[in-house]
Amino acid sequence: MGIKIIGTGSYVPDKVLTNHDLEKMVDTSDEWIRTRTGIVERRIASDNEASSDMAYKASVRAMEFARIKPDDLDLIVVATITSDRITPSTACILQSKLKAYNAACFDLQAACTGFLYSLEIVNALMSTNPTYRKALIIGVEKLSMLTDWKDRNTCVLFGDGAGAVILEKRAGKHDIGGILASKLASNGSYNDLIKVPAGGSAIPTSPETIKKRMHYLSMEGQEVFKLAVNEMAKACQDVLSRAKVDISEVRWLIPHQANLRIIHAVGKKLEIPSEKVYINVHMYGNTSAASVVIALDEIVRTGKIDRGDYVLLTAFGAGITWGANLLRW
Ligand code: ACO
């Protein structure tokens, strides 16, 4: 018996913000952004487009792919750091947009690793509780709202978008694969490395916090870089060895799309050929929890995956959190 992905979908907003557009906003250059990050452009949601709106579009596509109806869903999990509101959860708002009233709904916050965390948690729930037969997981971010468009250190990095998968418990004798192994990890002693300083219970919103621009994402880029490469590679090795799968058998490595140099470094550490490492960071930048699942949907929809293929997902983000999932398609 396996918990299998039976449908994928994604959505990115129409508005494209290029490196040349950013040259007009802060002291940067297309050349700096390309060589340091690999990013060429990113998508930006409109003012009246919330995370739940993007999640809705990705979810509808995934449900059409899986040929299921909203009523079939038993669980909806939204991985995000940009929820529509502090409360209720974006998953509940999405539930009402989808009219999927048979589902239990919650949000999960593990920053860029949120989709990977959600996959393992839903896998565990579906494996142990027979009432969860079909689940919808979404990674979605409207990072443009957390971006300080006056800070060149961060504003060139992020973008908006959503990706979704439908999971189903399969028990037929021809049903191979599913989620074979997962590694979820965190080290909260690095909680200061990537953060939005104000707006929570520690430092509530005030005229002062707004004046000091404390509601935007700040990041210690270089420190994050070093940790990201080492931890993602180790997490991948962990799931491969537990599943007794060699890296040479993996059809796709889908790393979090934060920075092309990080992606290349992880691929090199794992000794996987570069043509098996999926890259779309040039088109969307870092979309945090949405990044890996948007990439997965692109691979599926362009026919670059076959039944039985091994797919290795890995991500790293604020917390710090990191992890890997090994899937068999
Ligand atoms: N344009 C031009 N110059 C810039 C820019 C810019 N946009 N940004 C920074 N610089 C300058 C800096 O000021 C610095 O100048 P100085 O030497 O005069 O001080 C110089 O460029 C080098 O800056 P570094 O920070 O050393 O640049 P680095 O090569 O480390 O690249 C980057 C920075 C792209 C942020 C990289 O460190 C990185 O990708 N880190 C990892 C990010 C990541 O993976 N995040 C994942 C989690 S995100 C989440 O959870 C939401």
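Which residue in E6 is the bridge partner of Val78? Select Ile138, for that is the partner of Val78. This is a predicted model, in which local features need pLDDT of at least 70 and side-chain atom pairs count only at pLDDT 80 or more, while totals for chains, interfaces and linings use all residues. Residues are numbered from 1 along each chain as its sequence is written, and side-chain values use heavy atoms, with hydrogens and water left out.

Next, select strand E4 (residues 75-79) and strand E6 (residues 134-142), which pair in the parallel sense over five bridges; strands pair if DSSP finds at least two bridges between them. Helices (H or I, at least four residues) and strands (E, at least two) are DSSP runs, numbered from the N terminus.

Now display the whole open sheet: its five strands follow the order E1-E7-E6-E4-E5, with mixed pairing. Strand E1 (2-11) and strand E5 (104-108) are at the edges with a single partner strand each, so one side of each is left without a neighbour in the sheet.

Then turn to helix H9 (residues 260-270), where Ile262, Ile263, Val266, Gly267 and Leu270 are buried (under 20% relative accessible area, 1.4 Å probe, protein chains only). Viewed down the axis of H9, these buried residues fall within an arc of 135°, so they line one face of the helix; the arc is that of the directions from the helix axis to the C-beta atoms.

How values were computed. Buried < 20%, exposed > 50% of the residue type's maximum accessible area, 1.4 Å probe, protein only.
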